[in-house]
Amino acid sequence: MSILAQNKLPLGSQRHFHKYHVPSIHTRVHCSATTTTKPKTEPNRLVVEPQVVLPTPSLSTNSARPVLNDPSLLSTWSHRAWVASGCTTVLISLAKSLAGAANSHIWLEPVLAGLVGYILADLGSGVYHWGIDNYGDASTPSFGTQIEAFQGHHKWPWTITRRQFANNLHALARAVTFTVLPIDLLCNDPIIHGFVAVCSGCIMFSQQFHAWAHGTKSRLPPLVVALQDLSILVSRSQHAAHHRPPYNNNYCIVSGVWNEFLDKQMVFEALEMILFFKLGVRPRSWSEPNSDWTEEAETPSQLTVS
Amino acid sequence: MASLSLPKHSLPSVLPSQTRKDPFPQNLKIFSKSSPSQFYGTRLTYSSSSSIPCSSSTKNLILAKVKKGTAPPPFTLKDQDGKNVSLSKFKGKPVVVYFYPADETPGCTKQACAFRDSYEKFKKAGAEVIGISGDDVSSHKAFAKKYRLPYTLLADESNKVRKEWGVPGDLFGTLPGRETYVLDKNGVVQLIYNNQFQPEKHIDETLKILKGI
């Protein structure tokens, strides 16, 4: 294989350049999956060329590169209110479960229900994450903002470690509030509440677990590191694998317990194929790695302080 | 001894008259314990008389199903350059006919590139390689050009040949199956290999059998 340095724009990419972006040269070697066509090359010789990928912005102008002290990373009172309401609904559910369990003198079933909730929360996080990462865009109804945020996260993964707590969790907290509040009001079964409290709590805090997975060992609380090492929370290494090409694995972000199974059994690949044949939609992870996924390296010179 | 673990729902998706005996779940329990790869791989060589009754009986229900030891129905399809290509043209040399779901999907790309990378070995064995999917000529042309595939891709646009040969679908018939047939110099099938999610294995299996043909 010969590697020829060449500047090349990805085919079919959008050609507008965001003013904050510094073009970065990414060298990627693709073996067997992709080759660039060069008529001069002998037909049987595989030539792999690095591609220079100039960043293409996502569809919304909100996706500027985050800067240090970027206001978009700070928590607002609205964020805090949603997190408070989400936590309240989860705590009510938990309280109902404990009270109901005490009254009925049952412990095993609510605890088991909680365990099931914890396990299913991980699966749910993976499926949701896979969907958002691969389908739709900023203009998709209801999910557009999230999709854009996930794409931004792939470009600038370190940003999540700089987001304030409520800023990071408020979207999930809002969803949890709307889902759990009716259950709190309408249901009194301690077993159901055991499941709901743990499942919704894990989902709401999955963004925090996700942020911790992007942290460095030296900066994380020892308890968090211990939980990650025990695979109770998703580990840093497992999640790092998701941020490497081809960006199509390790989607679960609560405990990561489902990741190995889902990846080994190629569940998401199968789902992607089914959606392709039934609906004609191609997931983003099938396309050649482009700037939508490609992480931009964080260097002091590239970060601007506003 | 045939190693046989069957894809879960590897039934042809098209013929409505088939009755479905579904022994697969039982087989699946037996074989899925060993390794995930066996779950997705079927290698039917029928070298002993103890062929697995359930698989063959189900497949035998399909009319015109291609089996090992039989000659498959002839076809004429257009290749990536729009030229008509007939299977009969290749008589006198071994042919590897591989059916794949679609151009530009990850598994099919891996498979195509794997055939390309081993093409010299196929040529050395005197064999031709033909890839068939339901995509049209222009899709094949772009696919072959992008990945510099040196062999023939045929456009089976209404999946007519796929149905005639009885290529089983996967996942309740939602996915076109990935199945490879190796024909000897006389045009008789010597290997049928099915594996949806481990496409590179098709190359290993076909090269193995070509050594013996």
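This is a predicted model: local features need pLDDT of at least 70, side-chain atom pairs count only at pLDDT 80 or more; totals for chains, interfaces and linings use all residues.
**View 1. The annotated span of chain A.** Let's start with the record: UniProt, in an unreviewed entry, lists residues 118-286 of chain A as "domain: Lipid desaturase". In the model, this span is 64% helix and 0% strand.

**View 2. Helix α4 of chain A, end to end.** This helix covers residues 165-186, which makes 22 residues. At 1.5 Å a residue it should span 32 Å, and the 30 Å between its end C-alpha atoms agrees with that. Look also for a bend of about 40° at Ala171(A).

**View 3. The buried residues of α4(A) and their neighbours.** Among the buried residues of this helix are Asn167(A), Asn168(A) and His170(A), along with Leu169(A) and Leu172(A). Further along you will find Val176(A), Thr177(A), Val180(A) and Asp184(A), which are buried too. Which helices do the buried residues of α4(A) pack against? They pack against α1 (77-104) and α5 (190-213) of chain A.

View 4. With sulfur atoms required to be within 2.5 Å, the count over all chains is 0 disulfides. For Cys87(A), the nearest cysteine sulfur belongs to Cys202(A), 13 Å away. Cys87(A) counts as partly exposed because its relative accessibility is 23%. Cys252(A) is in no disulfide either, and its nearest cysteine sulfur, that of Cys199(A), is 12 Å away. Is Cys252(A) buried or exposed? Its relative accessible area is 0%, so Cys252(A) is buried.

Notes
Residues are numbered from 1 along each chain as its sequence is written. Chains are lettered from A and ligands numbered from 1 in the order in which they are written. Side-chain values use heavy atoms; hydrogens and water are left out. UniProt positions are given in the numbering used here, feature names are shortened, and annotations may be inferred rather than shown by experiment. Helices (H or I, at least four residues) and strands (E, at least two) are DSSP runs, numbered from the N terminus. Buried means under 20% relative accessible area, exposed over 50%, partly exposed in between (1.4 Å probe, protein chains only). The expected span of a helix is 1.5 Å times one less than its number of residues. The bend at a residue is the angle between axes fitted to the seven residues ending there and the seven starting there. Contact means heavy atoms within 4.5 Å.
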